[in-house]
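Subject: Structure handover

Hello,

Here is the structure I promised to pass on. Please open it first, then read my notes below with the model beside you.

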Amino acid sequence: MSNTIEKSIEIKASRSRVWKALTDSKEFGAWFGINIEGPFTVGKVSSGKITIEGFTHVPWNSTIKAMEEPSYFAYTWHPYAVDPDVDYSGEPETLVEFWLEESDGQTSVRVRETGFDNLPPHRIADALRANTHGWGAQLENIKKHVEN
């Protein structure tokens, strides 16, 4: 089983525009489906509530690891932490990284999530499956958000 999810998409927009959609917490929340409580700050926890139907009971907690404008953004989180009866705070987190590259008026967005093999064994397959599907959908969401 792979420890990594990697996806990419081309967006018809400048890298600076995509960077803003990715690193401005309000814009990130709009396309990702989260009501985020404050700005992203490196080294700080970002909190909020998921707004996606069926997941509104799920809190958003991530730690912003890097914001290297205009090309690299990273955070850690508890992947697929959706069961309201489970306390995930003691589990290891996965690392989510985004890279942006601009060429010919388009921006390539690549996302990679690693660290699944550090999760409790009973959670690995579900987290990988959910997030593999989720990252495909979320890249489409940021594309629609930025291009419209």
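D104 sits in the loop between β6 and β7. (Helices, H or I with at least four residues, and strands, E with at least two, are DSSP runs numbered from the N terminus.) D104 is exposed, with a relative accessible area of 79%. Here buried means under 20% relative accessible area, exposed means over 50%, and partly exposed is in between, using a 1.4 Å probe and protein chains only. D104 also has a positive phi of about 55°, although it is not a glycine. Most residues other than glycine have a negative phi, and most peptide bonds are trans.

A word on the source. This is a predicted model, in which local features need pLDDT of at least 70 and side-chain atom pairs count only at pLDDT 80 or more, while totals for chains, interfaces and linings use all residues. Residues are numbered from 1 along each chain as its sequence is written, and side-chain values use heavy atoms, with hydrogens and water left out.

**Backbone points**

Y80 has a positive phi too, of about 50°, and is not a glycine. Look for Y80 in the loop between β5 and β6 (94–103). Y80 is partly exposed, with a relative accessible area of 33%. Next, go to E69 and P70. A cis peptide bond joins them, with omega about 5°. P70 lies in the loop between β4 and β5.

**Two helices**

How do α1 and α2 pack? Helix α1 covers residues 15–23 and helix α2 covers residues 25–32; their angle is about 80° and their axes are 5 Å apart. (Axes are lines fitted to C-alpha atoms, for helices over the stretch in contact, and angles run from 0 to 180 degrees between N-to-C directions.) The two helices are therefore roughly perpendicular to each other. On this scale, angles under 35 degrees count as roughly parallel, over 145 as roughly antiparallel, 65 to 115 as roughly perpendicular and the rest as oblique.

From α1, the contact uses R17, K20, A21, L22 and T23; from α2, it uses S25, E27, F28 and W31. Contact means heavy atoms within 4.5 Å. By class, this contact has four nonpolar, two polar and three charged residues. (Ala, Val, Leu, Ile, Met, Phe, Trp, Tyr, Cys and Pro count as nonpolar, Asp, Glu, Lys and Arg as charged, and the others, Gly among them, as polar.)

D24 lies in the loop between α1 and α2. D24 is partly exposed, at 28% relative accessible area. Beyond its neighbours within four places in sequence, D24 is in contact with W19 and F40. D24 and P39 are 15 residues apart in sequence, yet 6.8 Å apart in space, C-alpha to C-alpha.

Is α2 enclosed or open? Six of its eight residues are buried, so α2 is largely enclosed by the rest of the structure. The buried ones are S25, E27, F28, G29, W31 and F32. Their cover includes α1, β2 (34–36), β4, β5 (72–77) and α3.

**Residues in strands**

T63 is in strand β4 (residues 59–68). T63 is buried, with a relative accessible area of 16%. Leaving aside neighbours within four places in sequence, T63 is in contact with G43, K44, V45, A74, Y75, T76 and E93.

P59 is also placed in β4. P59 is partly exposed, at 47% relative accessible area. With the neighbours within four places in sequence left aside, P59 is in contact with G48, K49 and I50.

T114 is in strand β7 (residues 106–114). T114 is buried, with a relative accessible area of 19%. Not counting residues up to four places away in sequence, T114 touches N3, T4, T94 and L95.

**The largest pocket**

The largest pocket has a volume of about 800 Å³. (On a 1 Å grid over the protein atoms alone, a pocket is an open set of points where a 1.4 Å probe fits, with protein on both sides within 12 Å along at least five of seven lines; lining residues have an atom within 4 Å of a point. Grid points are joined across faces, edges and corners, and a volume is the space filled by probe spheres set on the points.) Of its 33 lining residues, I50, V58, W77, Y80 and V82 are the closest to its centre. The largest share of the lining, eight residues, comes from α3. The lining divides into 19 nonpolar, 11 polar and three charged residues.

Best wishes
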